[in-house]
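Keep the sequence and the 3D view open as you read.

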Amino acid sequence: MKLKRLLHLGVFTVCGLVAAVSSAQGPTVNFYNWYDFIAPEAPKDFEKETGTPMLLDTFDSADVMQSKLMVGRSGYDVAVVTNSALPNLIKAGVLKELDNSQLSNRVNLDPDILAKVAQNDPGNRYSIPYLWGTTGIGYDVDQVKKIFGDETPADSWDLIFKEENIKKLSQCGVAMLDSPSEIIPITLHYLGLPPDSTNPADYEKAEALLLKIRPYITYFDSSRFITDLANGNICAVVAWSGGVYDAKTSAERAKNGRQLAYRIPREGSSVWIENLVLLKDAPHPEQGMQFINYMLRPEVIAKSTNYLSYPNGNKTALAFVNENLRNNPDIYPPAATLATLFPSQPLPLKIERVRTRVWSKVKSGT
């Protein structure tokens with residue numbers, strides 16, 4: 001995951017400090033979350049209503065999050081976990097099975113999103129969908145139209161993976177996420193291969209395609225593209241929906257005349273889902289469950305969607321989501337598009353090493 005704005009919350013970044021403050025104040029909710037991945041008012045509103053303070057610690061890498069939780073005795077009650085990390089954490093016994101009798105607001109969840117999460121958490125026993133998003137194509141409408149006219153294949157991965165197309169796009173700059181766990185599965189899927197393939201030969205085919213288009217990719221980065229797309233320094237990017245939407249908002253605020261768009265290619269793409277989980281050794285499990293149930297309120301979770309431009313897993317929350325987001329089919333895709341999206345799956349260590357080697361070769365262009 002994913003891009004965030006500057007944090008406006010007070011953050012305790014040392015676990016020992018969190019534990020110490022928690023002990024001094026009595027029961028709290030110690031929350032481990034992506035950096036700036038919650039509406040700023042949510043912790044204050046939760047404390048005002050319940051009298052329970054929420055102490056926030058943050059991470060900026062899924063690997064860091066998973067490593068810290070795997071060790072145990074983290075001091076956290078609730079954490080945000082990407083769907084692809086769920087199987088390993090469940091297998092390791094890190095997560096506590098949720099008692100749905102304590103989650104009266106669970107009825108608000110979207111069955112389609114629950115079904116996606118269930119591919120990593122069978123039966124949805126350990127996790128609650130929080131915010132989610134897709135990886136697709138962001139582009140500058142006017143710059144791309146100058147190149148392709150009215151026949152812009154922006155709704156297809158052909159725009160990126162066909163050499164004749166990306167060669168033309170390179171005139172105005174093409175960026176790509178520095179994320180092998182997303183780009184390589186998308187490449188495999190485009191080739192008609194399983195996105196979570198365990199066949200090394202499939203990765204050779206993905207490598208060949210990516211190396212073919214590599215000369216036309218300006219750079220790989222997971223944050224720089226927002227400013228560059230907003231300012232016109234690039235005209236296309238393979239990126240997360242929320243990041244492209246942030247670029248669009250920046251361009252509108254700057255009134256620079258740039259019209260930016262985001263598309264989920266018709267062939268399908270990857271979907272990531274961030275989930276709320278309760279840790280098995282949570283020091284305050286009762287307060288943790290209370291917080292999860294609070295975040296399941298439609299009007300509460302909608303504030304985080306409006307703040308971050310990412311959809312949430314709460315079907316009842318749509319009425320509280322800003323109209324420009326809820327009516328955007330590339331932010332809230334229709335059922336037919338949702339059916340084409342695939343969640344990332346954990347790979348055997350041997351295959352993960354293959355994927356890492358492929359990505360290193362692609363980035364270096366050798």
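Lys361 is partly exposed, at a relative accessible area of 35%; here buried means under 20% relative accessible area, exposed over 50%, and partly exposed in between, using a 1.4 Å probe and protein chains only. This is a predicted model, in which local features need pLDDT of at least 70 and side-chain atom pairs count only at pLDDT 80 or more, while totals for chains, interfaces and linings use all residues. Residues are numbered from 1 along each chain as its sequence is written, and side-chain values use heavy atoms, with hydrogens and water left out.

The partner of Lys361 is Glu207, and their side chains meet in a salt bridge of 2.8 Å, N to O. A salt bridge is a side-chain nitrogen of Lys or Arg within 4 Å of a carboxyl oxygen of Asp or Glu. Lys361 sits in helix α17 (residues 349–364) and Glu207 in helix α10 (residues 200–213), so to speak two distant parts of the chain, 154 residues apart. Helices (H or I, at least four residues) and strands (E, at least two) are DSSP runs, numbered from the N terminus. Glu207 counts as buried, at 15% relative accessibility.

By this rule the model has 13 salt bridges. The table shows some of them.

| Pair | N to O distance |
|---|---|
| Glu49 and Arg297 | 2.3 Å |
| Lys361 and Glu207 | 2.8 Å |
| Lys162 and Asp158 | 4.0 Å |

Where do Glu49 and Arg297 lie in the chain? Glu49 belongs to helix α2 (residues 41–50), whereas Arg297 is in the loop between α13 (285–295) and α14 (298–308), and 248 residues separate the two. Glu49 is partly exposed at 47%, and Arg297 is partly exposed too, at 25%.

The structure holds 1 cavity of 30 Å³ or more. On a 1 Å grid over the protein atoms alone, a cavity is a set of points where a 1.4 Å probe fits but cannot get out, and lining residues have an atom within 4 Å of a point. The largest cavity has about 40 Å³ of space, a volume being the space filled by probe spheres set on the points, which are joined across faces, edges and corners. Its lining includes Leu109, Tyr130, Met295 and Asn314. Strand β4 (residues 128–140) gives the largest share of that lining, 3 residues.

Notes
On a 1 Å grid over the protein atoms alone, a cavity is a set of points where a 1.4 Å probe fits but cannot get out, and a pocket is an open set with protein on both sides within 12 Å along at least five of seven lines; lining residues have an atom within 4 Å of a point.
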